[in-house]
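Me: Please take a close look at one strand in this model and at what surrounds it. Keep it brisk, and give the cut-offs as you go.

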Amino acid sequence: MTAHGTPAAPEPIAYDVGVIGAGAAGLAAAIFAARAGRRVVLLESRPVPGAKIRVSGGGRCNVLPSRFEIDDFATEGSRHTLRKVLLSWPLDDVRRFFEEELRVPLKVEETGKLFPVSDRSRDVIEALLAECMRAGVDLRGGRRVTAVRAPVRDTTTAFEVETGTGERFLARKLILATGGLSLPKTGSDGFGLEIARALGHSVRPTYPALVPLIARDPGWGELAGLSIRARLRALSGSRLLEEREGDLLFTHRGFSGPLALDLSRHFTRPGVESPSLTAAWLGGDAPDWDALIKEPGKRPVHTILRGRLPRRLGERILALAGVSADRTTSDLPRADRAGLVRMLTACPLEIAGDEGYERAEVTGGGVPLEEVSAATLESRVVPGLHLAGEMLDVVGRIGGYNFLWAWVTGRKAGEGTARAVISG
């Protein structure tokens, strides 16, 4: 009790390393810091950790890609730092960590994605939590962090972290791994980015990434449920931003599937001028449409399309080109033929918006890579603070790439803090 008879605030609990956020990056960070013999506390706002892991891949968890290139990741910052971080833990070694150390066997599917053999995301979470326990991590769920104070030069030597439960924790080194704003039902609310900003970091504007796109023309919604191979080109004015080929899924509101999700950031990222999207149906498997329609004979145009495209898509393309379904190749005017070929090879898909953070797989933007050390992910702004995962301005393609970024950066931050505790 105090002199006035009120309960005294509980004494803070001291640790070598504090980790805020028990998602993929935070769990990895805590494991590797604790494996190095450091006393680690892992604070998670939800009662049960790993919510995003649990729902990823339709509940199966796409743990990793089977291969990657640096170009599979986008950042507004230093690509040199991006490369150095990603290559610091080879993909084969990350896979061995899961299969040999965590004992979660993985399988490669035709898409190149790695999933648990069991097809259960909870096996990944349980293995990570079991390793946290073995390593001695003090995991505290249901602790929403409300304030973080950095050490004051010549006055304090530890970060002070307060939670909504009234607890206080001291940590000589601190890792922010709270994620972004995507899938808010899993607990993501961007608070970690607010902490980083309050501590002095700049934060690039955030945006939903890997998110379904909403079509301006509601007619595309009539194709909902249809999936087709296509080559999409994202442009800013006449400048090509990105071109990819893959599976496009039509939804009641527009476009989804791996292809649309990968290119969605060009329509959600601030600063992209006049973004537009065109589709070449069937991609590299498409025939020479112009030559096909020019072939001698009196064939109905719709039969040419029907033999190669889904019926609903063929009808949609004819409508957009203004060509009647019963027109034949022999009586099709040159201008109509050119318009039809254009709808087959560069069909405009006008975008009205996106489905927001509620449906986004990840958050774009965040703390610039230039503000952290490539070797340890320690902040160049706040000594002793490290950042990992979605906190940083990096977005990977769909297919396990963002999990790869989370595992690699979590490990790097965890090991970096463990070394710094000795030296600092």
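Reply: Helices (H or I, at least four residues) and strands (E, at least two) are DSSP runs, numbered from the N terminus. The model is predicted, so local features need pLDDT of at least 70 and side-chain atom pairs count only at pLDDT 80 or more, while totals for chains, interfaces and linings use all residues. Residues are numbered from 1 along each chain as its sequence is written, and side-chain values use heavy atoms, with hydrogens and water left out.

Strand 13 (residues 227-236) runs antiparallel to strand 16, and seven bridges join them. Two strands pair if DSSP finds at least two bridges between them. Strand 17 (residues 347-348) also pairs with strand 16, over two bridges and again in the antiparallel sense. There, Ala279 has Cys347 as its bridge partner.

How enclosed is strand 16? Of the seven residues in strand 16 (residues 275-281), five are buried, so the strand is largely enclosed by the rest of the structure. Buried means under 20% relative accessible area, exposed over 50%, and partly exposed in between (1.4 Å probe, protein chains only). Cys347 is buried too, with a relative accessible area of 0%. In a regular strand, side chains alternate between the two faces of the sheet.

Now the cysteines. Searching the whole structure finds zero disulfides, a disulfide being a pair of cysteine sulfur atoms within 2.5 Å. Cys61 is in none; its nearest cysteine sulfur, that of Cys132, is 15 Å away. Cys61 is buried, at a relative accessible area of 0%.

Next, a helix pair. The axes of helix 11 (residues 311-321) and helix 12 (residues 334-345) come within 9 Å and cross at roughly 130 degrees. Helix 11 is therefore oblique to helix 12. Axes are lines fitted to C-alpha atoms, for helices over the stretch in contact, and angles run from 0 to 180 degrees between N-to-C directions. Under 35 degrees counts as roughly parallel, over 145 as roughly antiparallel, 65 to 115 as roughly perpendicular, and the rest as oblique. Ile317, Leu318, Leu320 and Ala321 of helix 11 meet Gly339, Leu340, Met343 and Leu344 of helix 12. Contact means heavy atoms within 4.5 Å.

Last, Arg411. Arg411 sits in helix 14 (residues 401-423). Arg411 is buried, at a relative accessible area of 18%. Leaving out residues up to four places away in sequence, Arg411 touches Ala28, Ala29, Phe32, Ser88 and Trp89.
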